[in-house]
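Please look over the model below before reading on. My notes are set out as numbered points.

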Amino acid sequence: MIVFAYPKLFLLLLLPLLYFFVIPPKKQLFGDALKVPFLNDLKAIKNDSVFSKFKLAHKSFASLLKFTYLFLIWCLLTTAIARPQLVGEPYRLDANNRDIMLVIDISTSMLQPDFSTPNQRVDRLSAVKAVVSAFIQKRTDDKIGLILFGTRAYLQSPLTFDRTSVQEILLNTDAGMAGQSTSIGDALGLALKNLRNEKNKDNKVIILLSDGENNDGSLSMAQAINLAEKEGIKVYTIGVGAEANFINSLFGLRNNELDEKSLKLLAQRTKGNYFRATDLNSLADVYNRIDTLEPEQNEGSFVQDKTDLFYIPLIMALVLVFFFLFFSRSFVK
């Protein structure tokens with residue numbers, strides 16, 4: 001089915017008609033200032049000839065044809081700006097869908113290679129990208145957003161059903177792109193701001209992952225926690241990094257002063273959960289556990305796929321304009 005986003009713009013079709021039929025023709029410059037008695041007789045004799053009548057009829061037909069041609073161009077342009085859209089059949093989204101904002105630490109401390117696979121050790125960010133990418137792929141009915149933070153917090157993707165795009169952004173991320181320090185408070189504040197105006201009031205979720213403490217930014221952890229509690233948005237927090245031990249100390253691997261106390265308090269005050277991920281398996285388990293948490297019921301919503309078609313009448317109008325300019329001499333005669 002084809003619909004128009006701005007149907008009221010079709011009123012513009014009346015403008016050429018008003019100009020042609022309503023506005024009186026402009027009087028000639030000299031009007032009737034000079035009158036010669038015998039000129040009217042000469043004009044009458046000239047107009048009585050068959051050739052003159054044919055020429056007059058031809059001129060009238062050419063004028064009508066020109067007006068029709070230009071009016072057709074105007075109709076096509078009006079149709080284009082009215083924005084025709086091909087609308088698919090409506091379908092209902094799962095009533096259990098959630099709005100999930102992923103907030104991920106990409107400070108330079110995420111380069112520490114204290115996560116291990118069966119064959120090698122990997123840095124924290126590589127492990128996070130692999131696990132979170134798989135988590136995103138499972139979100140068939142949820143809207144996903146992505147915020148990356150270091151010294152500054154940046155919204156990389158607003159809430160969207162386009163999981164592939166969010167995955168690509170995450171997988172192309174490098175540690176240190178947002179700075180070397182960690183501003184957890186600013187990242188949380190940015191996530192709350194982007195979730196505030198979403199219609200899905202009950203099923204908003206923030207999943208915040210970090211390996212450090214809030215040591216930069218304009219919002220302190222206490223301020224950010226109060227904001228999150230006030231907004232009533234559930235926050236799941238994840239602390240990543242291997243536990244401090246003698247072997248890790250020998251290789252210079254440490255936990256970068258993970259602020260578990262603040263992450264636990266944030267989760268508690270927002271009725272979420274805190275998880276600790278010390279290796280690749282425990283990190284995967286964390287996201288699996290979040291995946292199984294039961295979302296609250298909501299009313300659901302109907303959505304329709306829309307495809308813009310404005311370019312079709314626009315291209316047709318441009319083609320007609322080209323032909324008009326090319327054959328303008330034929331219209332003038």
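1. Basis. This is a predicted model, where local features need pLDDT of at least 70, side-chain atom pairs count only at pLDDT 80 or more, and totals for chains, interfaces and linings use all residues. Residues are numbered from 1 along each chain as its sequence is written, and side-chain values use heavy atoms, with hydrogens and water left out. Helices (H or I, at least four residues) and strands (E, at least two) are DSSP runs, numbered from the N terminus.

2. Arg139. This residue sits in the loop between helix H4 (124-137) and strand E7 (143-149). Its relative accessible area is 5%, so Arg139 is buried. Buried means under 20%, exposed over 50%, and partly exposed in between, with a 1.4 Å probe and protein chains only. What does the side chain of Arg139 reach at 3.1 Å? It reaches the backbone oxygen of Phe135. A polar contact of 2.8 Å also links the side chains of Arg139 and Asp142. Such a contact is a pair of N or O atoms within 3.5 Å; within protein, one must be able to donate a hydrogen and the other to accept it, and residues adjacent in sequence count only if both atoms are side-chain atoms. Beyond four places in sequence, Arg139 touches Arg98, Ile100, Ile144, Arg163 and Asp291. Contact means heavy atoms within 4.5 Å.

3. Cores. A nonpolar core is a set of buried Ala, Val, Leu, Ile, Met, Phe, Trp, Tyr and Cys residues joined through side-chain atoms within 4.5 Å. The largest has 33 residues; Ile104 and Leu209 are among those that touch the most other members. H4 gives the largest share of this core, seven residues. A second, separate core of 26 residues includes Phe149, Leu190, Leu195 and Leu208.

4. Leu219. The loop between E9 and helix H7 (221-231) holds Leu219. With a relative accessible area of 21%, Leu219 is partly exposed. Its C-alpha atom is 4.9 Å from that of Gly185, 34 residues apart along the chain.

5. Helix H9. Within residues 260-269, Ser262, Leu263, Leu266 and Ala267 are buried. They lie on the same side of H9, because they cover an arc of only 135 degrees around the axis. The arc is taken over the directions from the helix axis to the C-beta atoms. Exposed Lys261 and Gln268 are on the face turned away from the buried side. The buried residues of H9 pack against helix H6 (184-196), E9, H7, E10 and E11. Lys271 follows H9, with a positive phi near 65 degrees.
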